[in-house]
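User: I have a chain to read and want to do it feature by feature. Can you take me through it, general idea first?
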Amino acid sequence: MTMALEPARRPATSEPWPLLDDLAYLCSVMVNVYFVGFPHAGDREWALIDAGLPGSADRIARAAEERFGPNSRPSSIILTHGHFDHVGALEALAERWDVPIYAHTMELPYLTGQSSYLPPDPSVGGGLVATLSWTFSRGPIDLGSRVNPLPDDGSVPGLPGWRWIFTPGHTPGHVALFRDADRTLIAGDAFVTTKQESAMAVLTQRRELNGPPMYFTPDWEAAAKSVAALADLDPEIAATGHGEPLRGGSMRADLHDLARDFHRRAVPHQGRYLTQSAGADTNAALTIPPDGPQNLPNLLLGAGEIAMLMQEFLGKHAAMK
Ligand SMILES: [Zn+2]
Ligand SMILES: [Zn+2]
């Protein structure tokens, strides 16, 4: 594990950060939402992609007002998939804006109260977020008649010029969104630009292409095919669900490499931490719940990350004085 911490590129802000004239994003804690539409577009003249963590509805709504004008509601909310960190503010926002939601048919059971996602695998990937992943909500949420299937013809309601691309693996009905005119890709969690399993990478948003978050990806064969399909699009911008959006030739080259070398770079190797010696800490061990992960080395890796992060923050604080 590298110890190097990169400074955040910009301070936290409630303002959506522009990527293109008609595309901006807001990063809330560790997950991105995307706003598609020109500044000051007005009411029902833009769309929201994904809906962040629980508790972020006010922040997303405020960001939308800043970009599109007071009381501007989207024409639609499009979901790349239904994981808790992409639908957290969804019910509150849908209520506030009275707006239709679209997701792939295969994702609808998780959005209409019919089934929960498969349990996460906290033993893969290493790091605190993976370790804590068993605590993440697997749903389902029930959006009732607000949620609709994406049209069969590949079009995206409210987003002319865009098409959805079926990219299962991370979830059964995961989609990415693509605009051919400028090769802009909104990738959801099909691949991400930070190592999502690790709290350190999440908090520093270190830039690197990675496969989908390991602890929550049950179908690696499908995930590999999905990344290959997205690499074939040769995107100019890769706007992912986690990590900073990236653009240009080096991103494209890395995406092709990720697709080619997917099994080595993205697929977890079960049990690789079992050989690691664990400097046992009773406090960490006590935090394992009876039905939680029985993977002590992994949990300790998470504890180690917390210690390193605290050191880093204390160091920064001292330097500022
Ligand atoms: Zn996800
Ligand atoms: Zn996610």
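Analyst: Start with pairing. Two strands pair if DSSP finds at least two bridges between them. Keep in mind that this is a predicted model. One case is F35, whose bridge partner in β4 is L48.

User: How many bridges join β3 to β4, and in which sense do the strands run?

Analyst: Strands of a sheet pair through backbone hydrogen bonds, either parallel or antiparallel. Here β3 and β4 (residues 47-49) run antiparallel, joined by three bridges.

User: What stands opposite A24 in β3?

Analyst: F35 does. F35 also has L48 of β4 as a bridge partner. The pairing of β2 (residues 23-28) with β3 is antiparallel and covers six bridges. The two strands make a hairpin with two residues between them. One turn residue, V29, has a positive phi of about 65°.

User: How do I read the faces of β3? Which residues point one way and which the other?

Analyst: In a regular strand the side chains alternate between the two faces of the sheet. In β3, V31, V33 and F35 point one way. N32, Y34 and V36 point the other way. The residues on both sides are buried.

User: How much of β3 (residues 31-36) is covered?

Analyst: The strand is mostly covered, with six of its six residues buried. The cut-off for buried is 20 or more other C-beta atoms within 10 Å. Over the whole chain, buried residues make up 44% of the 321 residues.

User: Which sheet holds these strands, and what is its order?

Analyst: It is an open sheet of seven strands, in the order β1-β2-β3-β4-β5-β6-β7. The pairing is mixed. At the edges are β1 (17-20) and β7 (147-149), each of which pairs on one side only. On average, neighbouring strands are turned by 30° against each other, direction ignored.

User: Which strands does α1 touch?

Analyst: Helix α1 packs on the sheet and touches β2 and β3. The direction of α1 makes about 155° with that of β2.

User: At what angle do α1 and α3 pack?

Analyst: Read the angle and the axis distance together. For α1 (residues 57-68) and α3 (residues 90-97) the angle is about 45°, and the axes are 9 Å apart. The two helices are therefore oblique to each other. The crossing of α1 past α3 is right-handed. On the α1 side, A57, I60 and A61 make the contact. On the α3 side, A92, L93 and R96 do.

User: What about the sheet with β8 and β12? Why is one side of each left without a neighbour?

Analyst: The order is β8-β9-β10-β11-β12, an open sheet of five strands with mixed pairing. β8 (162-166) and β12 (246-247) stand at the edges with a single partner strand each, so one side of each has no neighbour in the sheet. At one end, β11 (residues 237-240) and β12 run antiparallel through two bridges. In that pairing, A238 has L246 as its bridge partner.

User: Which loop holds M214?

Analyst: M214 is in the loop between α5 (199-204) and α6 (220-232). M214 counts as buried because 27 C-beta neighbours lie inside 10 Å. Q196 is 18 residues from M214 in sequence, and their C-alpha atoms are 8.0 Å apart.

User: Last, the whole chain. What pLDDT does it average?

Analyst: The average is 81, and 74% of the residues score at least 70. Residues 308-321 have a pLDDT below 50, and that stretch has six contacts beyond near neighbours in sequence. Over residues 1-9 the pLDDT stays under 50, with eight contacts beyond four places in sequence. The chain has ten helices and twelve strands. Among contacts between residues at least 6 apart in sequence, 66% join residues at least 24 apart.

Note on methods: Residues are numbered from 1 along each chain as its sequence is written. Chains are lettered from A and ligands numbered from 1 in the order in which they are written. This is a predicted model: local features need pLDDT of at least 70, side-chain atom pairs count only at pLDDT 80 or more; totals for chains, interfaces and linings use all residues. A residue is buried if 20 or more other C-beta atoms lie within 10 Å of its own, exposed if 12 or fewer, and partly exposed in between; C-beta atoms are placed from the backbone. Helices (H or I, at least four residues) and strands (E, at least two) are DSSP runs, numbered from the N terminus. Two residues are in contact if their C-beta atoms, placed from the backbone, lie within 7 Å. pLDDT is the predictor's confidence in each residue, from 0 to 100. Axes are lines fitted to C-alpha atoms, for helices over the stretch in contact, and angles run from 0 to 180 degrees between N-to-C directions. Angles under 35 degrees count as roughly parallel, over 145 as roughly antiparallel, 65 to 115 as roughly perpendicular and the rest as oblique. A crossing is left-handed if the near helix is turned anticlockwise from the far one by less than a right angle, and right-handed if clockwise.
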